[in-house]
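Please read the following explanation alongside the sequence and the three-dimensional view.

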Amino acid sequence: MAAPVYIRLKQSIYVQPQAEIRLKDTAGIAGAEQQIAPLKELVLHAVTPEDQNIVVIDAFMIVEQILHQQPGTEVQLIGPSCCVVHVEKHGKEPNPILISAIWILLFIGAAMAIMNFHFDVSMQSVQQKLHLMLTGREAEYPLWIQIPYSIGLGIGMILFFNHWFQKRFNEEPSPMEVEIFNYQEDLDHYVAIKENKVEKKDVDR
């Protein structure tokens, strides 16, 4: 019997249309070099227009193709049982006018949300009372409190999301990045079950 080959599938990868998906693209491979060298170049699937934008590479399919090429090989699978392949299609160049319109819409929406929140919690009256307590005088617009508060609110949002345009302040992911990661992981898990051709064949039987 040949030496064992250890394969750890990746959670997901991105490829170009019409690409050939090889074993080295979808998984990490360990074992005797003379044994795994040809396996790395093993073509698992060729992307076609019928695949649309997602292909699921199942571990069972990989084992079948390895045994077909190298009969008697002991295959040890580690990690995920599927690799979700995302086909990146070339999109159009972004329209600056459309981007500007979306940016303005989001800016207005965020501003309205902040103002409505401050109105609900009576922020202005709180600041007026705070001004009265500290100075002993009444003021309708205590700007010496409101201006630093507004600046601090903006700085707090920047620090919360851990980004200033393309600059990251530290290696800690922002809450938005964590939510996007969780969404992508759930989506890949769903696709791995619903779009898995191997499992569909088992059901049809």
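Cys 83 is buried, its relative accessible area being 0% in this predicted model. The closest cysteine sulfur to that of Cys 83 belongs to Cys 82 and lies 8.8 Å away, which is too far for a bond. A disulfide is counted where two cysteine sulfur atoms are within 2.5 Å, and by this rule the count comes to zero disulfides. Cys 82 accordingly takes part in no disulfide, the nearest cysteine sulfur being that of Cys 83. Cys 82 is also buried, with a relative accessible area of 10%.

The numbering leads from here to the sheet, for strand S8 comprises residues 82–87. An open sheet of three strands is arranged in the order S2-S8-S6, and its pairing is mixed. From one strand to the next, the twist averages 25 degrees.

How do S2 and S8 run, and how many bridges join them? The two strands run parallel and are joined by four bridges. Within this pairing, Ser 12 has Val 84 of S8 as its bridge partner. Helix H7, formed by residues 175–194, packs on the sheet and touches S2, S6 and S8. The direction of helix H7 makes about 105 degrees with that of S8.

How values were computed: Residues are numbered from 1 along each chain as its sequence is written. This is a predicted model: local features need pLDDT of at least 70, side-chain atom pairs count only at pLDDT 80 or more; totals for chains, interfaces and linings use all residues. Side-chain values use heavy atoms; hydrogens and water are left out. Two strands pair if DSSP finds at least two bridges between them. Axes are lines fitted to C-alpha atoms, for helices over the stretch in contact, and angles run from 0 to 180 degrees between N-to-C directions. Contact means heavy atoms within 4.5 Å. Buried means under 20% relative accessible area, exposed over 50%, partly exposed in between (1.4 Å probe, protein chains only).
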